[in-house]
Amino acid sequence: MIYPYKGKTPEIADSAFIADYVSISGDVKIGEKSNIWFNTSIRGDVAPTIIGNKVSIQDNSVLHQSPDNPLIIEDEVTVGHQVILHSCKIRKGALIGMGSIILDNAEIGEGAFIGAGSLVPQGKVIPPHSLAFGRPAKVIRPVNDHDRQEMKRIVREYVEKGEYYKSLQQNPANSE
């Protein structure tokens, strides 16, 4: 469901895939070839949420903000299942592992990898191209070539999955 909120209506690129049972409200922008998966909630009723191109927000995730503190997700970011993002910045090419929580004013650097189940507390900065893990998250090591290849594969595969599912929405007779 797409809901306006106090004069703001979500802006969603035509090429984006929005799964069933997703709720998006208010001041939200979603870029080209991004994909938002089942049962996700994105509320832009406190501050803007800006989602770049080729971003995957996976099932059961929750995206929200604090007053005057937007949530910004740059291009080619993967957000795993059941992630909470709240008024933070996720830089280009980062991956947020399943079940992680990223809080207000935290910043995840370009190409960084947050391990599953991690908690990135308010104001914490994870440097670019770092692997961080834990509660609270701590940098473990630099992202290596294998990590980078996997992160790129996941972005590519979710763009393809989104395109496939979008084609089914547009023409259900094409299902296999």
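**Entry 1: strand β6 and its partners**

I began with Thr49, which stands opposite Leu71 in β9; β6 and strand β9 (residues 71-73) run parallel and are joined by three bridges. I noted that the model is a predicted one, in which local features need pLDDT of at least 70 and side-chain atom pairs count only at pLDDT 80 or more, while totals for chains, interfaces and linings use all residues. Residues are numbered from 1 along each chain as its sequence is written, and side-chain values use heavy atoms, with hydrogens and water left out.

For the terms, I took strands (E, at least two residues) and helices (H or I, at least four) as DSSP runs numbered from the N terminus, and I counted two strands as paired if DSSP finds at least two bridges between them. I then followed β6 to its other partners: strand β4 (residues 23-30) runs parallel to β6 (residues 41-51) with seven bridges, and Ser23 stands opposite Ser41 there. With strand β8 (residues 62-64), β6 pairs in the parallel sense over two bridges, and Ile42 has Leu63 of β8 as its bridge partner.

**Entry 2: the open sheet**

I looked up the order of the open sheet, and found eight strands running β3-β5-β7-β10-β13-β16-β19-β20, with mixed pairing. β3 and β20 (137-142) stand at its edges with a single partner strand each, so one side of each is left without a neighbour in the sheet. At the β20 end, strand β19 (residues 130-134) pairs with β20 in the antiparallel sense over five bridges, and Ala132 has Val139 of β20 as its bridge partner.

**Entry 3: aromatic rings**

I listed seven aromatic pairs in the structure, where rings of Phe, Tyr and Trp (its six-membered ring) pair if their centres lie within 6.5 Å, and planes under 30 degrees apart count as stacked, over 60 as edge-to-face and the rest as tilted. Phe17 and Tyr165 have ring centres 5.6 Å apart and planes at 40°, so this pair is tilted. Because Phe17 lies in strand β3 (residues 17-18) and Tyr165 in helix α1 (residues 145-170), the pair ties together parts that are 148 residues apart in sequence.

I checked accessibility next, with buried meaning under 20% relative accessible area, exposed over 50% and partly exposed in between (1.4 Å probe, protein chains only). Phe17 counts as buried at 2%, whereas Tyr165, at 32%, is partly exposed.

Trp37 and Tyr158 form an edge-to-face pair, 5.7 Å centre to centre with 80° between the planes; Trp37 sits in the loop between β5 (35-36) and β6, and Tyr158 in helix α1, 121 residues apart. Trp37 is buried at 4%, and Tyr158 is buried at 15%. The charged end of Lys161 sits over the ring of Tyr158, 5.0 Å from its centre, by the criterion that NZ of Lys or CZ of Arg is within 6 Å of the ring centre and within 35 degrees of the ring normal. I also noted that ring pairs link Phe17, Trp37, Phe38, Tyr158, Tyr164 and Tyr165 into a cluster.

**Entry 4: lining of the largest pocket**

I looked up the pocket lining (a pocket being an open set of points on a 1 Å grid over the protein atoms alone, where a 1.4 Å probe fits, with protein on both sides within 12 Å along at least five of seven lines; lining residues have an atom within 4 Å of a point). The largest pocket is lined by 13 residues, and Glu76, Gly93, Gly111, Met151 and Lys152 lie nearest its centre. Helix α1 gives the largest share of this lining, four residues.
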